[in-house]
Amino acid sequence: YITGLQEILDVFSNDISRIFNEFKSNSTIDLNNVLLISRFEKDKKNGVINGLTWFAEYKKINPEAKLTIIGDGSQKETVKEQIKSLGIKCEMLGSRNDVKDIIEQNGIVLGVARCVQEAIAMKRIAIITGNEDFQGIVNIENINKFSYTNFQDIENGKQDYRKVAEQLYSYKKQDIEKIVEENYNWLYDNR
């Protein structure tokens with residue numbers, strides 16, 4: 001036994017159970033507020049582009065939609081160019097330590113991995129942008145498959161941005177509540 005090892009392990013713990021203690025929200029799910037979370041690095045490029053492209057389609061259907069982006073990195077200028085080429089407006093917040101508070105202000109969260117789990121734990125609509133292919137909305141039918149890839153890409157092919165945007169926009173309040181509640185319960189039970 002190494003003296004102080006437990007304290008070190010506590011600091012570096014990646015236990016999903018902590019998310020349920022830190023990330024709780026019962027605030028309203030506002031589908032006009034969309035959040036994209038990512039590092040702006042080459043290995044995340046497709047995910048960021050997928051998220052921006054999906055938002056461009058969603059904005060056509062829902063003109064009230066607003067995009068906020070949390071992230072920074074060596075590809076920041078490339079991301080800005082993509083935003084400009086898609087003709088979308090957004091608020092870029094850079095790197096942040098108050099992610100929980102920002103997720104709470106948004107009804108839809110775009111990203112991969114831990115940010116998707118945080119979105120689910122906060123009962124938000126989670127959309128996996130994928131590191132390769134755009135994956136779409138996490139729901140009870142696909143959450144188990146996504147869990148095996150740490151909420152990244154699965155072998156279901158690239159989802160159509162427009163169809164996913166239309167699908168989400170067509171949901172009634174009870175559909176949204178069912179999706180977030182089922183996802184939350186699955187994540188809680190399988191942490």
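Me: A cavity is a set of points on a 1 Å grid over the protein atoms alone where a 1.4 Å probe fits but cannot get out. How many of 30 Å³ or more turn up in the whole structure?
Reply: Two. Mind that this is a predicted model: local features need pLDDT of at least 70, side-chain atom pairs need 80 or more, and totals for chains, interfaces and linings use all residues. Residues are numbered from 1 along each chain as its sequence is written, and side-chain values use heavy atoms, without hydrogens or water.

Me: How much space is in the second largest cavity?
Reply: About 40 Å³. Volume here is the space filled by probe spheres set on the points, which are joined across faces, edges and corners.

Me: Which residues sit nearest its centre?
Reply: I37, S38, G47, V112 and T129, out of 10 lining residues. Lining means having an atom within 4 Å of a point.

Me: What classes are in that lining?
Reply: Three nonpolar, six polar and one charged. Ala, Val, Leu, Ile, Met, Phe, Trp, Tyr, Cys and Pro count as nonpolar, Asp, Glu, Lys and Arg as charged, and the others, Gly among them, as polar.

Me: What about the largest pocket, how big is its volume?
Reply: About 370 Å³. A pocket is an open set with protein on both sides within 12 Å along at least five of seven lines.

Me: New topic. At what angle do α6 and α9 cross?
Reply: Roughly 115 degrees, with the axes of α6 (residues 114–121) and α9 (residues 173–189) coming within 8 Å. That makes α6 roughly perpendicular to α9. Under 35 degrees is roughly parallel, over 145 roughly antiparallel, 65 to 115 roughly perpendicular, and the rest oblique. Axes are lines fitted to C-alpha atoms, for helices over the stretch in contact, with angles from 0 to 180 degrees between N-to-C directions.

Me: Which residues make the contact?
Reply: Q117, I120 and A121 of α6 meet N183, Y184 and L187 of α9. Contact means heavy atoms within 4.5 Å.

Conventions
Helices (H or I, at least four residues) and strands (E, at least two) are DSSP runs, numbered from the N terminus.
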